[in-house]
Amino acid sequence: MPNISNKGKNMPESPIRKLVPYAEAAIKKGRIIYQLNIGQPDIKTPQAALDAVKTNDIEVLSYSHSAGFESYRTKLAAYYKRNDIPVNADEIIVTTGGSEALMFAMGSITDPGDEVIIPEPFYANYNGFATASGVNIVPIKSSIENNFALPPISDFEALISDKTKAIILCNPGNPTGYLYTKEEIEQLAEIALKHDLFIVADEVYREFAYDGVKHHSIMSIPKLAQNAIMVDSVSKRYSMCGARIGCLVSKNQEVMKTAMKFAQARLSPPTFAQIASEAALDTPQEYFDEVIEEYTSRRNLLIEGLEKIEGVKVAKPKGAFYCIAELPIENADVFAQWLLEEFEMNNETIMVAPAAGFYSTPNTGLNQVRIAYVLKKENLIRAIEILGAALKQYNK
């Protein structure tokens, strides 16, 4: 039999989805599972986006421009300008999800053997994108003790080598929910300029900022114009994960010309999904105000509940809709599987994402889980009760 590639063998499994077979088996037994493991919002998709597809009279479902509809990119640019991100339509490439935008960024700025520095824990698929591109991740560890704030800049500088091409940042963070301050963003800008590095900022959770704290984009720093690359997506903002529409944004024209080659190779982003995404840009501010109020309430409920469970330590997020919780266990992978295979409380259990998969440093985060607070409040309350009972039984 022909051999599988080493790249394929080294491609990491998703820590979020690898437990799905155990969940499916539990469901077949009749178990009710509260899914805290995946960032699928339960907020209703804006009606304007749904109606734009339902009422469309397209007769030929044709390709779009490789960069995406010009009308959509123009409206996107206007949206960004309202958020202090001064970009034009020709500085945006529409992609098939934020994932493709990240792949385009990796392909445009790195060669096999290059390095990117990423604060960990980080979005698990960065590992996969790096593996697919032949790029080495150099992790820099943040700590639950200070809510996963940006590590000291001196720690970044100690890791920079002649192979370093970029710093990758998720802001607000997945899986931590940490929202970087203006000072932290400016510190990263200075180090990028000093060492001639790119900063790739994954800003898909921009709207999810709590407690009156403002999101600060890497694209809003004028002197960083040639070093900044932004990745974005409609998935979370409009509760449109299934649309698979994102974008790559940069004022660096060499980056954009190079990324366009990758965009042309995949021909074009999906037409109907672009139609829905363009319509979603007309969503009124009231929609986001209600969403933020709901997620703030859910976050507070979750954090307060977790803090009451003996032995649990949790970081309080300022953005996104995730938190990292440290549990009084040795191995969260084993615990998460046990929850699905062996534990039940009145025929109910929970599904969590073991956090080790969000680190690239071996044997790190073994006793941590990522929890997504994308459930209704009554379900969150029940999930917290189940977690507390499960930990008592597990540690007997």
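Reader: How many aromatic pairs does a search of the whole structure find, and how is a pair of aromatic rings described?

Author: A pair of aromatic rings is described by two quantities, the distance of the centres and the angle of the planes. Rings of Phe, Tyr and Trp (its six-membered ring) pair if their centres lie within 6.5 Å; planes under 30 degrees apart count as stacked, over 60 as edge-to-face and the rest as tilted. The search of the whole structure finds 19 aromatic pairs. Phe122 and Tyr126 form a stacked pair, at 6.0 Å centre to centre with 25 degrees between the planes. Tyr205 and Phe208 form an edge-to-face pair, at 6.4 Å and 65 degrees. Ring pairs also link Tyr205, Phe208, Tyr295, Phe321, Tyr322 and Tyr373 into a cluster.

Reader: On what kind of model do these values rest, and how are residues numbered?

Author: This is a predicted model, in which local features need pLDDT of at least 70 and side-chain atom pairs count only at pLDDT 80 or more, while totals for chains, interfaces and linings use all residues. Residues are numbered from 1 along each chain as its sequence is written, and side-chain values use heavy atoms, with hydrogens and water left out.

Reader: Are Phe122 and Tyr126 buried or exposed, and where does Phe122 lie?

Author: Buried means under 20% relative accessible area, exposed over 50%, and partly exposed in between (1.4 Å probe, protein chains only). Both Phe122 and Tyr126 are buried; Phe122 counts as buried because its relative accessibility is 2%. Tyr205 and Phe208 are both buried as well. Helices (H or I, at least four residues) and strands (E, at least two) are DSSP runs, numbered from the N terminus. Phe122 lies in the loop between strand S3 (115–120) and helix H6 (125–133).

Reader: Which residues does Phe122 touch, not counting residues up to four places away in sequence?

Author: Contact means heavy atoms within 4.5 Å. With those sequence neighbours set aside, Phe122 touches Asn127, Ile137, Asn174, Pro175, Phe358, Tyr359 and Ser360. Phe122 and Gly173 are 51 residues apart in sequence, and their C-alpha atoms are 7.4 Å apart in space.

Reader: Where is Asn171 found, and which backbone nitrogen does its side chain reach?

Author: A polar contact is a pair of N or O atoms within 3.5 Å; within protein, one must be able to donate a hydrogen and the other to accept it, and residues adjacent in sequence count only if both atoms are side-chain atoms. Asn171 is found in the loop between strand S5 (164–170) and H8, and is buried, with a relative accessible area of 1%. The Asn171 side chain reaches the backbone nitrogen of Tyr180 at 3.0 Å. A polar atom of that side chain also lies 3.3 Å from the backbone oxygen of His216. Beyond four places in sequence, the residues in contact with Asn171 include Ile185, Asp202, Glu203 and His215.

Reader: Which residue caps the N-terminal end of H12, and which residues of this helix are buried?

Author: The cap is Asn331, with a side-chain oxygen 2.9 Å from the backbone nitrogen of Asp333. In helix H12 (residues 332–341), the buried residues are Ala332, Phe335, Ala336, Trp338, Leu339 and Leu340. They pack against several elements, among them helix H2 (20–28), strand S1 (32–35) and helix H13 (377–394).

Reader: How much space lies in the largest pocket, and which residues lie nearest its centre?

Author: On a 1 Å grid over the protein atoms alone, a cavity is a set of points where a 1.4 Å probe fits but cannot get out, and a pocket is an open set with protein on both sides within 12 Å along at least five of seven lines; lining residues have an atom within 4 Å of a point. Grid points are joined across faces, edges and corners, and a volume is the space filled by probe spheres set on the points. The largest pocket holds about 640 Å³. Of its 27 lining residues, Arg82, Asn83, Arg206, Glu207 and His215 lie nearest the centre. H11 gives the largest share of this lining, four residues.

Reader: How many cavities of 30 Å³ or more are there, and which residues lie nearest the centre of the largest cavity?

Author: The count comes to three cavities of 30 Å³ or more. The largest cavity has about 120 Å³ of space. It is lined by 17 residues, with Pro119, Pro121, Cys170, Gly173 and Tyr180 nearest its centre. S3 and S5 each supply at least two residues of that lining.
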